[in-house]
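Hi,

Here is the model I said I'd pass along.

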Amino acid sequence: MKYAGLAVMPAGFFLTIAAIILFSGAGQRAAFVLCGVAVEVMGLVVAVRGHMQLRDENR
Amino acid sequence: MTPLSTVPFPETSFALMLMLLLVAPLAIAGLALVNAGLGRSRSAAQSMLGTLVVMSSAVIAFVLVGSAIAGASERDVVFHAAGRWDLAGAAHLFGGGLSSASSRMQLELFFELLSAAMIALIPWGSGADRLRLLAGAAVAAILGAVVFPLVAHWTWAGWLAQLGRNFGIGSGFADGGGAGAVHALGGLAALAVIWIAGPRKGKFPREGLSTAMPGHNVVYVLFGSLVALVGWVAWNLVGAMLWMATAPSGLVPVAVNTLLSATAALVATFSVTRVRFGKPDASLCANGWLAGLVTSSACAAIVSPIGALFTGLVAGIFTPLLVELFELALSIDDPSGAVIVHGAAGLWGLIAAGLFAPQPGQTVAQLIGVSTLLGLMLPFLYGIFWLLDRVIAFRVEPDGERLGMDLHELGGNAYPEFVVHRDESYR
């Protein structure tokens, strides 16, 4: 689960890059960049949850 | 705000910046004291020696390899094939060509060299009491040779800095003092290191809450915070002149903003801990102060004094709350609090710089920088450190942790005349 979270995070980054390349309008670009950051945060949350699970199992 | 300005420096500006750069290492000295004070007494000598070791490792790696990658755009000859995506510099390896470089480039190299030393210190503090010296040096070498130079190039010369010019997004990613390239990146590296190394023995027992392991010398911690302020002001002033094209006449507001961020953060942390625990917590207050300084690295050259005050206040509020959340809820053992102080506060500073900047679209440019650090660099750092851990084990043997890092790694204690009490944390 930890690795799945970490694997999701670059997807958010590429969403951000896509926003730069695909859109020229400021609003669309901002929305897409925010979505990218949101995906990264979700990936981080999953990674942290995975870390907590591992810790509980190893206690 | 024109981060890519290539206006040549007059001799007086060069002299001023060089003098400031000679003061800037006080920020590193302050952090070293904070790290040592927040660790245990039986690891204090290893912590301070480790500071010198990781700094040396990062600086040598940066000069040998990293400076070629980090080099500013004027030095680039390759990696420009994709036009608007300047991904890496291509300067001379082994620090070649330094003496014949322009005064601006010499200053840039020195600034980046100090930044490499600073970034190496951040994961070292988080791995206190269980990270081996050799592993700390290897982590620092990777940071100094590859990871920091890449991000430094993107931030101060490459595609992130050119977002304004090439894509019309604000003035491009703005990070004069290195809140992203140094602190946020260091904080994320610290998170990767402590995830891999695991918590200190006895920190999270099978039953009950986590064990409190307070720092062994709060005076070190608080004095280190004061020393760091002096270096930080110098650091932000040089960063503003080098990367934000701030004229010497505009430096006083940068210094004022730096101080305002730190003081506002301290007041906020003092108040939050006073309300939460009934009395202010000294080590958390030091963390809040440092978090304010970290946010100022991004904001000081851009925002108004009120903006700096607000940014510091927010950093001072979330720092103690996140430190508590990390320890009690997320089971992440970070003795120096570096993930919050450098990582979270650095990212917040970058976002706040965009929110308070006068240029339209600057927030999007800042978010793109944040996205790069969080989405690309954290998984990359975790992966590269995970591989490194297979070659050089990060964590000391259980017996070494029980003895203390000083005895195990150095053969002698930092305080040989101390009476050693039984360790209550081993249950």
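Which residues have the most contacts inside the largest nonpolar core? They are B:Ala58, B:Ala120 and B:Leu185, in a core of 165 residues. By nonpolar core I mean a set of buried Ala, Val, Leu, Ile, Met, Phe, Trp, Tyr and Cys residues joined through C-beta atoms within 7 Å. Helix 5 (residues 133-156) of chain B gives the largest share of this core, 16 residues. (Helices are DSSP runs of H or I, at least four residues, numbered from the N terminus.)

Before going on: this is a predicted model, where local features need pLDDT of at least 70 and side-chain atom pairs count only at pLDDT 80 or more, while totals for chains, interfaces and linings use all residues. Residues are numbered from 1 along each chain as its sequence is written, and chains are lettered from A and ligands numbered from 1 in the order in which they are written.

Back to B:Ala58: leaving out residues up to four places away in sequence, its contacts (C-beta atoms, placed from the backbone, within 7 Å) include B:Ala116, B:Ala120, B:Ala140 and B:Gly144.

B:Leu229 sits in helix 8 (residues 218-243) of chain B. It counts as buried because it has 21 C-beta neighbours inside 10 Å, and the cut-off is 20 or more. Beyond four places in sequence, B:Leu229 contacts B:Ala262 and B:Leu293. B:Leu293 is 64 residues away along the chain, yet the two C-alpha atoms are 7.4 Å apart.

Lastly, the contact between the chains: 19 residues come from chain B and 21 from chain A. On the chain B side, helix 13 (residues 362-391) supplies the largest share, 12 residues.

Cheers

Technical notes
Two residues are in contact if their C-beta atoms, placed from the backbone, lie within 7 Å. Helices (H or I, at least four residues) and strands (E, at least two) are DSSP runs, numbered from the N terminus. A residue is buried if 20 or more other C-beta atoms lie within 10 Å of its own, exposed if 12 or fewer, and partly exposed in between; C-beta atoms are placed from the backbone.
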